[in-house]
Amino acid sequence: MGKKLVLAGGGHAHMTILAHMRDLVREGHEVTVVQPSDFHYYSGMGPGMLGTTYTPSEIRFATRYVVEGMGGSFIRDKVVRIDAAQRQVILASGQVLDYDVLSCNAGSFIPFDNIHGDTSNVFTVKPIERLQEAQRAVISLCATRTRPHVAVVGGGPAALEIAGNVRKLAKLRGRHEPRITIFAGRQLLSRFPERIGKMTRESFASQDITINEDGYVDEIRNGVIVQGERHHHPDLIFVATGVKPSRLFADSGLPTGVTGGLLVNEYLQSVQHPEIFGGGDCIDFEPSPLDKVGVYAVRQNPVLLRNVRAGLNGTRLQRFDPGGKYLLLFNMGDDTAIFSKGPIIFRNWLGFLLKDFIDRRFMRHFQALER
Ligand SMILES: Cc1cc2nc3c(=O)[nH]c(=O)nc-3n(C[C@H](O)[C@H](O)[C@H](O)COP(=O)(O)OP(=O)(O)OC[C@H]3O[C@@H](n4cnc5c(N)ncnc54)[C@H](O)[C@@H]3O)c2cc1C
């Protein structure tokens, strides 16, 4: 007999399930996807969209269109609670959905919430679709002010990609060149090999991007406050301080891991509820901690499809193997990217072409479902 499958979020880790939805429907199952937007935006290309390398339509996947075209149901809403005992999800609108199998790909958010006062000039880098609004704000600022000041709070890859792409945007579309400062805490890219930090500094020096390493920004209130005392007054602020898994699981009283994500076993299955699966940034993988990078979400795709199907049809589960070292490519905004895999680290235009090729290929592969 057909069963009810609910997908909470149609992010990266669910792409293969979405691609095979027609088969699941043919097998007699009822598939429902819940997502706050009709589109899913690929965050790896978000900074590139800000810098105008990509248009919004090049970096997004038409989730609703694809789901409905394949015989599934799409609900534009947000899952706010999972009642695992009743096997129900509760949506922000109050709607309640029953499930036999639930798979979660609800992503992550920027946990910096010490933002007060006028927030109209503050942009967190998630959700990615907000970068379109940020782009318009940068263009307008650079048209009306001479030497405006743009701040990027954060010292990791997302922050540096945003800073470089604000520079690119201003060069291409701005009347006045902005001053750009990246507030990087105590040390820019502290978790990465020194050579990557050195290459970033070289790129930023040539792009006139200042690195502030005076300490952590602890508040945004009519400007940026570093360590409770040093006040800076930029005209526009980006917040890219790292991500945390969706609060959905903690709010639902489900077992969570060290970062607050749904705690899953080697089968990407909740350690307490075998009918709940999850992938991408919203999980904590119990066998070994995984970085919050798209590559793991991509690698989890086939396993999630197989295991969700196992949950529906009673077939065998497959183990998820996170694989070895992964490739890092940072888009610096100056048509170069930093390439890093194991001991091989370099920065040049080839790195950028490679990132561009990989990202466009990924999007094209899944956007083909829209035709
Ligand atoms: C600026 C930036 C640049 C990055 N660049 C790279 C890069 O170059 N390479 C790389 O490997 N990684 C990169 N990352 C990290 C990478 O993008 C993430 O690891 C990846 O997007 C995680 O995919 P995901 O599907 O888990 O989450 P997301 O991409 O966030 O997708 C989650 C989806 O779930 C939906 N959703 C959220 N909450 C709910 C809810 N309650 N109910 C239902 N649906 C919900 C959202 O609308 C979204 O569609 C970057 C991250 C950022 C922020």
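**Residues, strands and domains**

Trainee: How many other C-beta atoms lie within 10 Å of that of Arg87?

Mentor: A residue is buried if 20 or more other C-beta atoms, placed from the backbone, lie within 10 Å of its own, exposed if 12 or fewer do, and partly exposed in between. Arg87 is partly exposed because the number of other C-beta atoms within 10 Å is 18.

Trainee: What pLDDT do local features need in this model?

Mentor: Residues are numbered from 1 along each chain as its sequence is written. The model is predicted, and while totals for chains, interfaces and linings use all residues and side-chain atom pairs count only at pLDDT 80 or more, local features need a pLDDT of at least 70.

Trainee: In which loop does Arg87 lie?

Mentor: The phi angle of Arg87 is near 55°, which is a positive value in a residue other than glycine. Helices (H or I, at least four residues) and strands (E, at least two) are taken as DSSP runs numbered from the N terminus. In these terms, Arg87 lies in the loop between β6 (79-83) and β7 (88-91).

Trainee: Is Arg147, whose phi is also a positive value, buried or exposed?

Mentor: Arg147 has a phi near 50° and is likewise a residue other than glycine, and its place is in the loop between α5 and β13 (149-153). Because the count of other C-beta atoms within 10 Å is 10, Arg147 is exposed.

Trainee: Which residues does Phe123 touch, if those up to four places away in sequence are not counted?

Mentor: Phe123 is found in strand β12 (residues 122-124), and it is buried because 22 other C-beta atoms lie within 10 Å. Contact here requires that the C-beta atoms of two residues, placed from the backbone, lie within 7 Å. On that criterion, Phe123 touches Arg130, Ala134 and Phe238.

Trainee: What is omega of the peptide bond that joins Lys126 and Pro127?

Mentor: Pro127 is found in the loop between β12 and α5 (131-144). The bond that joins Lys126 and Pro127 is a cis peptide bond, and its omega is about -5°.

Trainee: In β5, which residue is the bridge partner of Thr32?

Mentor: Two strands are said to pair if DSSP finds at least two bridges between them. Strand β1 (residues 4-8) and β2 pair in the parallel sense over 5 bridges, with Ala8 having Val34 in β2 as its bridge partner. A further 4 bridges join β2 to strand β5 (residues 73-76), with the two running parallel, and there the bridge partner of Thr32 is Ser73.

Trainee: Which element gives the most to the shell around the ligand?

Mentor: A residue is near a molecule if its C-beta atom, placed from the backbone, lies within 6 Å of it, and of the 35 residues around the ligand, Gly9, Gly11, Gly107, Gly280 and Gly294 come nearest. The shell draws at least three residues from each of domain 1 and domain 2. The elements β2 (30-35), α3 (46-50), α6 (157-173) and α9 (294-313) each supply at least two residues, and the one that gives the most, with 3 residues, is α9.

Trainee: How many residues of α6 are buried?

Mentor: Helix α6 reaches 24 Å from its first C-alpha to its last, close to the 24 Å expected at 1.5 Å a residue, where the expected span is 1.5 Å times one less than the number of residues. The helix is mostly covered, and of its 17 residues the number buried is 14.

Technical notes:
Domains from an automatic or database assignment.
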